[in-house]
Amino acid sequence: MSDTLKLVCETCGQANRIPAGRLADGPKCGSCGDPLVTGKVAELDIATHDKATRGDELPLVVDYWAPWCGPCRMMAPELAKAAGALKGRARFAKINTEDFPAVSQRLGIRGIPLLVLWKSGHEIARLPGARPAAEIEGFVRSHL
Ligand code: ZN
């Protein structure tokens with residue numbers, strides 16, 4: 001395991017390199033000053049999504065969702081719980097596939113909600129369908 005981790009700022013897209021041991025110390029983006037590790041679910045646009053999924057060295061869980069999708073909205077609080085439980089181990093984000101349909105086409109997404117676990121530019125695993133927090137957490141932990 002390397003001593004530093006690359007994390008893309010989920011606000012401005014700046015790539016940051018931080019010591020792996022400092023994840024719990026509230027590291028901030030060197031460019032915009034926003035916290036890099038929040039335990040919350042960040043809302044991404046396609047540019048930030050692409051940078052983070054290609055560059056992040058900490059596991060990144062992305063929820064592909066849309067506002068018209070009832071199960072997606074039902075899962076949102078469950079995803080938030082899992083994000084809090086896994087703070088410092090994985091980061092969580094979501095992207096609205098209605099606003100950014102190109103991302104669904106590129107990833108071959110046919111049904112939402114869909115969680116994809118990314119790490120160091122690779123797609124590690126997918127978890128389709130609305131899931132309770134415990135199941136989301138178990139899915140992520142099984143790949144840490
Ligand atoms: Zn930033």
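**Turns, zinc site and cavity**

Colleague: In which loop is the place of Ser 120?
Modeller: The model is a predicted one, and in it the hairpin of S6 and S7 has 2 residues between the strands. Ser 120 is partly exposed, because its relative accessible area is 35%. Its place is in the loop between S6 and strand S7 (122–128).

Colleague: What phi does Ser 120 take in that hairpin?
Modeller: Most residues other than glycine have a negative phi. Within the hairpin of S6 and S7, Ser 120 takes a positive phi near 50°.

Colleague: How do the strands S6 and S7 run, and which residue of S7 is the bridge partner of Lys 119?
Modeller: S6 and S7 run antiparallel and are joined by 6 bridges. One of the residues that take part is Lys 119, and its bridge partner in S7 is His 122.

Colleague: Which peptide bond is cis, with omega near 0°?
Modeller: Most peptide bonds are trans. The exception to look at here involves Pro 113, a residue of the loop between H3 and S6. With omega near 0°, the cis bond is the one from Ile 112 to Pro 113.

Colleague: What distance separates the C-alpha atoms of Gly 111 and Gly 121?
Modeller: Gly 111 is found in the loop between helix H3 (101–107) and strand S6 (114–119), and it counts as partly exposed because its relative accessible area is 41%. Along the chain, Gly 111 and Gly 121 are 10 residues apart, while their C-alpha atoms are separated by 23 Å.

Colleague: How far apart in space are Arg 131 and Leu 115, C-alpha to C-alpha?
Modeller: Arg 131 belongs to the loop between S7 and helix H4 (133–141), and with a relative accessible area of 24% it is partly exposed. In sequence, Arg 131 and Leu 115 are 16 residues apart; in space, C-alpha to C-alpha, the figure is 9.6 Å.

Colleague: Which residue of S2 is the bridge partner of Leu 7?
Modeller: Strand S1 (residues 4–8) and S2 run antiparallel and are joined by 5 bridges. Among the pairs, Thr 4 has Pro 19 as its bridge partner in S2. For Leu 7, the bridge partner in S2 is Asn 16.

Colleague: Which residues make up the covered face of strand S2?
Modeller: In a regular strand the side chains alternate between the two faces of the sheet. Strand S2 (residues 15–19) has an uncovered face formed by Ala 15, Arg 17 and Pro 19, and its covered face consists of Asn 16 and Ile 18.

Colleague: Which residue takes a positive phi near 85° in the hairpin of S1 and S2?
Modeller: That hairpin has 6 residues between its strands. The one with a positive phi near 85° is Gly 13.

Colleague: What is the arrangement of the 4 donor atoms around the zinc ion?
Modeller: The zinc ion is coordinated at 2.3 to 2.4 Å by the SG atoms of Cys 9, Cys 12, Cys 29 and Cys 32. Ideal angles for four tetrahedral donors are 109.5 degrees. Here the donor atoms subtend angles of 104 to 115°, and the arrangement is therefore tetrahedral.

Colleague: How many residues apart in sequence are the parts that Cys 12 and Cys 32 tie together?
Modeller: Along the chain, the donors of the zinc ion follow the spacing C-x2-C-x16-C-x2-C. Cys 12 lies in the loop between S1 and S2, and Cys 32 in the loop between S2 and strand S3 (41–43), so the separation of the parts tied together is 20 residues.

Colleague: What relative accessible area does Cys 32 have?
Modeller: Cys 12 counts as partly exposed at 34% relative accessibility. Cys 32 is likewise partly exposed, with a relative accessible area of 36%.

Colleague: How much space lies in the largest cavity?
Modeller: Rolling a probe the size of a water molecule over the atoms shows where empty space is left. A search of the whole structure finds 1 cavity of 30 Å³ or more. Its lining includes Val 37, Lys 40, Arg 91 and Phe 92, and the lining residues divide into 4 nonpolar, 2 polar and 2 charged. The space in the largest cavity is about 40 Å³.

Terms used
Residues are numbered from 1 along each chain as its sequence is written. This is a predicted model: local features need pLDDT of at least 70, side-chain atom pairs count only at pLDDT 80 or more; totals for chains, interfaces and linings use all residues. Side-chain values use heavy atoms; hydrogens and water are left out. On a 1 Å grid over the protein atoms alone, a cavity is a set of points where a 1.4 Å probe fits but cannot get out, and a pocket is an open set with protein on both sides within 12 Å along at least five of seven lines; lining residues have an atom within 4 Å of a point. Grid points are joined across faces, edges and corners, and a volume is the space filled by probe spheres set on the points. Ala, Val, Leu, Ile, Met, Phe, Trp, Tyr, Cys and Pro count as nonpolar, Asp, Glu, Lys and Arg as charged, and the others, Gly among them, as polar. Buried means under 20% relative accessible area, exposed over 50%, partly exposed in between (1.4 Å probe, protein chains only). Helices (H or I, at least four residues) and strands (E, at least two) are DSSP runs, numbered from the N terminus. Two strands pair if DSSP finds at least two bridges between them. Donors are N, O and S atoms within 2.8 Å of the metal (3.2 Å for Na, K and Ca); water is not among the atoms, so sites may look incomplete. Four donors count as tetrahedral if all angles lie between 85 and 135 degrees; four count as square planar and six as octahedral if opposite donors are over 155 degrees apart and all others between 65 and 115; anything else is irregular.
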